[in-house]
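Me: Please pick one part of this model and go through it closely, residue by residue. Give the cut-offs for each term as you use it.

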Amino acid sequence: MTTEIPKVYQVGDVTVTRVTEMMLGGIPPEVYFPGSWDRMFLEENRESLPSGLIDGNSQLIVSIGTWVVKTPNHTILIDTATGNDKNLPLNPDLANLQLPYLKRLKEAGVTPEEVDYVLLTHLHVDHVGWNTKLVDGKWVPTFPNAKYVFPLAEQEYYSSEASHNKANEVNFNVYESVLPVVEAGLTQTIGPEGGHFLEIFKFIPTPGHSIGQMSISLKSDGEEALFGADVMHHPFQVFNPDWNSMYCEFTDQARISRLRVLEYIADRPVIYFSTHFPESAAGYVTRNGDGYKWDFI
Ligand SMILES: [Zn+2]
């Protein structure tokens, strides 16, 4: 599967560019949406759904990536994908990758030294990986001049033994990807209420997928976007907001946060920047009868 040349989105004075680490296809929807997947949804809507959501065998296509935000003053990354060389025994598809992510970042106009801030929505493995890279057997910060900013509740939970059960080991990667930036003194945490950051950003609590996940809103010169993190993994969830993915840890709360986000963005011209949607990963949610629909931009 090839990676398309990233588009550049303008939000007021700010540009937003996607750097895709990888596209993943062939994902069985009944596995990805355990207990929720309804084959009839696809049968009944196949003609009207956006293209690119499934492959020729009706299996899901998803992506993993980073959003690069350039303001007149700063270069910011939102989430850092999976990373190379990571030791993820319960996540074999994501373990020990050797992908040209930093080359793609460069093609998007960013060198690691230029990054001023890394904003992390939550600390799951596929959002923190490029925080660090392996150099001479040691994990070191990939972005040495950046401040890494993330919800405090995520650090507290995933660094506590309480979270280290079998299910959660699929999700967390504190030791290789988070602790090294903490120990380097490069971190800043966001309290449970969220809040403004750098004037243009606002961390908004959207827990459920993980214990302290936050979406990040961007407002510049009267225009607005939302980096929704893993409130949704695939556009099918715009059409079916009660479907959780297999990676959602607190399922009831995940549904509440998803509906809240959809409700907010459906009535406003807010660009939704997803982490895991296929195609451009960006688009608009609008109302569709009693529900919602998705269009890529
Ligand atoms: Zn994710």
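Reply: Asp252 is exposed, with a relative accessible area of 56%; exposed means over 50%, buried under 20% and partly exposed in between, with a 1.4 Å probe and protein chains only. The model is predicted, so local features need pLDDT of at least 70 and side-chain atom pairs count only at pLDDT 80 or more, while totals for chains, interfaces and linings use all residues. Residues are numbered from 1 along each chain as its sequence is written, and side-chain values use heavy atoms, with hydrogens and water left out.

Asp252 pairs with Arg255 in a salt bridge whose closest N and O atoms are 3.6 Å apart. The term covers a side-chain nitrogen of Lys or Arg within 4 Å of a carboxyl oxygen of Asp or Glu. Both residues belong to helix H10 (residues 251–266), and being 3 residues apart they are separated by about one helical turn. Helices (H or I, at least four residues) and strands (E, at least two) are DSSP runs, numbered from the N terminus. Arg255 is partly exposed, at 30% relative accessibility.

Further along, Glu263 forms a salt bridge with Arg287, with 3.1 Å between the closest N and O atoms. Glu263 lies in helix H10 and Arg287 in strand E15, so this pair ties together parts that are 24 residues apart in sequence. Glu263 has a relative accessible area of 40% and is partly exposed; Arg287, at 35%, also counts as partly exposed.

Arg287 has another partner: its side chain meets that of Asp267 in a salt bridge of 2.8 Å, N to O. Here too the pair links distant parts of the chain, with Asp267 in the loop between H10 and E14 and Arg287 in strand E15, 20 residues apart. Asp267 is exposed, with a relative accessible area of 51%. Through shared partners, the salt bridges join Glu263, Asp267 and Arg287 into one network. The pairs described here are among the 6 salt bridges found in the whole structure.

The zinc ion is coordinated by Asp126 (OD), His127 (NE2), Asp230 (OD) and His276 (NE2) at 2.0 to 2.2 Å. His127 is in helix H4 (residues 125–128) and His276 in the loop between strand E14 (270–274) and strand E15 (282–288), so the two tie together parts that are 149 residues apart in sequence. Donors are N, O and S atoms within 2.8 Å of the metal (3.2 Å for Na, K and Ca); water is not among the atoms, so sites may look incomplete. His127 is buried at 0% relative accessibility, and His276 is buried at 3%.
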